[in-house]
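Let's take a friendly walk through a protein model, one part at a time. Have a look at the structure before reading on.

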Amino acid sequence: MGKYFGTDGFRGEANVNLTVEHAFRVGRFLGHYYGEGHKPKVVIGKDTRRSSYMFEYALSAGLTASGADVYLLHVTPTPSVSYVVKREGFDCGIMITASHNPYYDNGIKIINKEGYKLEAEVEQKIEDYIDGRIEEVPYARREDIGRTIDYSIGRHRYIGYLVSLATRSYEGMRVGLDLANGSATAIAKKVFDALGAKTYVINTDPDGLNINTDCGSTHIEGLQRLVVEEKLDVGFAYDGDADRCLAVDDKGCVVDGDRIMYLCGKYMKEHRELSNDTIVTTVMSNLGLYKALDEAGIRYEKTAVGDKYVHENMLANGYSLGGENSGHIIFSKHATTGDGVLTSLKVMEVMLESKQCLSELTSEMKVYPQRLVNVRVTDKRKAQDDSAVQKKVEEVAEALGKDGRILVRESGTEPLLRIMVEAKTDELCIQYTDMIVNTLQERHFVL
């Protein structure tokens, strides 16, 4: 990770450690970088948080000042930007979002012309330019100055693409959607309505401040209530930029990313669509997933946490399915990144083609109790590398043996240490995570 760019772009609190000046200079550099020998074209999407509009204007100003033409998708999911960049031949794309973070945070995700996240070496050049370590780029003049263009048609084409992927009509299906007051408000209901579902929608009125607030995939309780009270067949919850999806089954139980990968992987294997019979996961996936995959004859690989690493593994090995427990699922045949609405369509496909409800499809996978604690610390690298902390982690790992595991890692986007324990019981999960937290407190790392 660089000074500004982490595993998921340049992210921080708006106008604190991610400012309009940063955004302007990112735009200035990209317009110049992609303008060698031709007039560059850059497409921009954003989520619904208030600062997204500010950053959209700052990026557009920087890009056009360097000679680029800027095409605005307006409020749209992150995967739609990847789709439009690759399909419409743009030099790059930018998504303004902090994903599942609170409204006061924001971020700049840059996508290359192939629809993938920007190469690390280009991110480093942007950082060097921001910090003045490379020479200033020239301003465009006269007819070379860029312009901004409304490109909402790109978002509509993406909606049409999603609709085209469905294998059956959703006529007669009762579906709940939690749109997290975010990017999914521009997409999800239109897709499900077009496919014939009876759609029930919550958290669909963004005001710039309520994105992800007690709603969406990080707060799924409201969708669970909706599914139970309205007797729905299934529910889907997205995060702020709609690149993640979690589901709620017909009984009101949460179906997380691991269960989604299990049921989709098993279905794809049966239909000879699972490349090399392998799923790519991160180290955060539940032990229960691996045991269920073993039973189903499906291989798996583990990467570091982050869809970036999942995708790199999939791309290098030609795998067709991978993702994270958080619901960031990649279907490489259809998309270059995680796509929440696409994931919900794939779950619908499994349900409709198998003629089974979601609770039946996931019943074979037993999930081990898991506890994840996020600890805000003074210095996440020093805290994780501290000898006393490492010793305590080793003690817990030895105590768990083969019946559980512990994982302590740095957050890629926040000043946090994430402590995860899986064990036979909830009580053991609490006991062992508390041991690590107490050690961090004793070592004076906790804020």
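## A helix to start with

How many residues does helix α11 have, and how far does it reach from its first C-alpha to its last? This is a predicted model, and in it α11 covers residues 340-354, which makes 15 residues. The helix reaches 21 Å, close to the 21 Å expected at 1.5 Å a residue.

Now look at the two ends. At the start of α11, D339 has a side-chain oxygen within 3.2 Å of the backbone nitrogen of V341. After the helix comes K355, with a positive phi near 55 degrees.

## The sheet beside it

Strands of a sheet pair through backbone hydrogen bonds, either parallel or antiparallel. Here, 5 strands form an open sheet with mixed pairing, in the order β9-β8-β10-β11-β12. Its edge strands, β9 (198-202) and β12 (254-255), each pair on one side only.

Strands β8 (residues 174-178) and β9 run parallel and are joined by 5 bridges. To find your place there, look for D178, which stands opposite I202 in β9.

## Where helix and sheet meet

Helix α11 lies across β8, β10 (234-238) and β11 (245-248), and it runs at about 160 degrees to β10. Because 13 of its 15 residues are buried, α11 is largely enclosed by the rest of the structure.

The largest nonpolar core has 65 residues, and α11 gives the most to this core, with 8 residues. Among the residues with the most contacts inside the core are F236 and M348. F236 touches M348, and its other contacts include V175, F192, L246 and V347. A second, separate core has 30 residues, including V26 and L59.

Definitions and conventions:
Residues numbered from 1 in each chain as written. Predicted model: local features only at pLDDT ≥ 70, side-chain atom pairs only at ≥ 80, totals over all residues. Heavy atoms only, no water. Helix = DSSP H or I, 4+ residues; strand = E, 2+ residues; numbered from the N terminus. Expected span 1.5 Å × (residues − 1). Buried < 20%, exposed > 50% of the residue type's maximum accessible area, 1.4 Å probe, protein only. Polar contact = N/O pair within 3.5 Å; in protein donor to acceptor, adjacent residues only side chain to side chain. Pairing = 2+ DSSP bridges. Contact = heavy atoms within 4.5 Å. Axes fitted to C-alpha atoms, helices over the stretch in contact; angles between N-to-C directions. Core = buried A, V, L, I, M, F, W, Y, C linked by side-chain atoms within 4.5 Å. Lists of a residue's contacts leave out its neighbours within four places in sequence.
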